[in-house]
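Thanks, everyone. I have a few minutes and one model to walk through. Please bring up the view.

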Amino acid sequence: MNKQVLLTGDRPTGQLHLGHYVGSLLNRVAMQNSGDYDSFIMIADQQALTDNAKNPKKIQDSVYEVMLDYLSVGIDPTQSTIFIQSQIPALPELMLYYLNLVTVSRMERNPTVKSEIKQKDFGRSVPGGFFVYPISQAADITAFKANVVPVGDDQLPMIEQTREIVHSFNQTYNKEVLVTPEAILPKKGLGRIPGIDGNAKMSKSLGNAIYLADSKDIVQKKVMSMYTDPNHIRVEDPGQIEGNMVFAYLDIFAPNNPVVADMKEHYQRGGLGDVKVKRFLMEVLEETLAPIRERRAVFASDPAQIYRMLEEGSEKARLVAQNTLDEVRDAMGLNYFG
Ligand code: TRP
């Protein structure tokens with residue numbers, strides 16, 4: 001019985017937030033718990049370094065934080081192989097061979113990289129490593145022969161590019177060595193959570209995120225500062241629920257809850273104040289966040305254990321990736337001495 005292989009990961013450039021949670025962590029935990037997958041979860045420190053070369057300490061610290069986030073949402077190292085990208089030497093070697101199969105113009109067309117280059121204002125000064133990170137991601141995915149990659153929709157161009165590389169490699173070297181992966185997107189209605197400021201995307205760089213590790217106090221402050229309806233000034237005024245973050249979050253975290261339906265109706269009619277709805281959202285969010293926070297505190301009490309788990313996971317992952325690399329070198333005729 002062959003299980004499907006799942007690989008996914010995150011760049012460690014800080015702690016994970018609710019955007020990561022609904023965008024992909026929920027899917028990963030569910031898939032892990034289904035028992036149908038051989039799961040690999042990677043902390044992509046090398047990818048994080050592609051635009052943080054001068055900040056290695058930030059990346060190093062974030063590896064630990066992201067691992068805590070993983071464990072606290074229920075990614076379980078006895079069921080999933082959790083590992084650190086830089087500990088797997090086969091990955092950059094695979095990337096090197098794949099780079100010969102893609103053109104600069106193809107890499108320039110990757111919409112996610114394109115918009116990141118714009119957002120970071122890199123222009124032509126984009127670091128080479130950053131420019132080619134989708135190819136490193138293709139190495140991550142193919143090294144484990146992953147057929148499923150649970151990610152947010154911003155990662156679709158990476159999966160697309162990986163599929164092209166798989167096709168090109170297998171055809172060029174005339175052997176079905178690599179496996180074509182498929183993206184697994186979040187359930188409908190989930191997936192993208194807006195920022196607390198009303199921006200369409202929750203992100204660290206926009207400063208509009210609620211982190212899984214935020215204390216109850218901080219979450220409360222953030223919820224109270226959420227963007228609602230700027231024209232809803234007095235309680236008795238009718239309010240808008242479209243573009244109102246409090247209701248947007250309730251739709252995600254309390255879907256089909258009749259209380260929310262009542263509140264929406266009341267809010268639109270007038271007579272329901274923002275603070276009341278925010279208090280309710282706070283309760284709803286705490287149902288998700290409180291258990292995560294508690295588990296985080298337990299794991300954080302033993303940092304040595306965290307690194308031991310990562311070391312064990314990385315050792316396991318190293319063997320799997322090395323196996324694929326051996327096959328790749330073989331297909332390419334690079335095994336000169338038998
Ligand atoms: N690009 C992903 C991010 O931005 C991280 C990542 C690196 C990844 N390698 C991967 C995701 C392989 C899925 C599969 O966080």
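Let's start with Gln 87. Its relative accessibility is 36%, so it counts as partly exposed. Keep in mind that this is a predicted model. Where does Gln 87 sit? It lies in the loop between β3, residues 80-84, and α4, residues 90-99.

What does the side chain of Gln 87 touch through a polar contact? The partner is the side chain of Ser 86, at 2.8 Å. Now go beyond the neighbours within four places in sequence. There, Gln 87 is in contact with Ser 314 and Arg 318. Glu 315 is also worth a look. It is 228 residues from Gln 87 in sequence, yet the two C-alpha atoms are 8.1 Å apart in space.

Next, the ligand. It sits in the largest pocket. Which residues come nearest? There are 14 residues around the ligand, and the nearest are Arg 11, Gln 47, Gln 137, Asp 140 and Gln 155.

Arg 11 has a polar side-chain atom 3.0 Å from a ligand oxygen. Gln 137 places a polar side-chain atom 2.9 Å from a ligand nitrogen. For Gln 155, an N or O atom of the side chain is 2.9 Å from a nitrogen atom of the ligand. How much of the ligand does the protein bury? Alone, the ligand exposes 360 Å², and the protein buries 92% of that.

Which elements supply the shell? β1, residues 4-10, and α8, residues 133-143, each give at least two residues. The largest share comes from β1, with 4 residues.

The backbone oxygen of Gln 47 lies 2.6 Å from a polar atom in the Thr 50 side chain. Thr 50 is in the loop between α2, residues 45-49, and α3, residues 56-73. Is Thr 50 buried or exposed? Its relative accessible area is 16%, and the cut-off for buried is under 20%, so Thr 50 is buried. Leaving aside neighbours within four places in sequence, Thr 50 is in contact with Pro 127, Gly 129, Phe 130 and Tyr 133.

Now α11, residues 245-253. How many of its residues are buried? The count is 7 of 9, so this helix is mostly covered. The buried ones are Met 245, Val 246, Phe 247, Tyr 249, Leu 250, Ile 252 and Phe 253.

Look at the N-terminal end of α11. Asn 244 caps it, with a side-chain oxygen 3.1 Å from the backbone nitrogen of Val 246.

Last topic: backbone angles. Most residues other than glycine have a negative phi. Here are two residues with positive values.

Asn 256 has a phi near 65°. It lies in the loop between α11 and α12, residues 258-269. Its relative accessible area is 79%, so Asn 256 is exposed.

Asn 174 has a phi of about 60°. That residue is in the loop between α9, residues 156-172, and β5, residues 182-184. Asn 174 is exposed too, because its relative accessible area is 71% and the cut-off is over 50%.

That's my tour. Over to you.

How values were computed
Residues numbered from 1 in each chain as written. Predicted model: local features only at pLDDT ≥ 70, side-chain atom pairs only at ≥ 80, totals over all residues. Heavy atoms only, no water. Buried < 20%, exposed > 50% of the residue type's maximum accessible area, 1.4 Å probe, protein only. Contact = heavy atoms within 4.5 Å. Polar contact = N/O pair within 3.5 Å; in protein donor to acceptor, adjacent residues only side chain to side chain. Near = heavy atom within 4 Å. Areas by Shrake-Rupley, 256 points an atom, 1.4 Å probe, with all protein chains shown as cover. 1 Å grid on protein atoms, 1.4 Å probe; cavity = no way out; pocket = protein on both sides within 12 Å on 5 of 7 lines; lining within 4 Å. Sits in = over half its atoms within 2 Å of the grid points.
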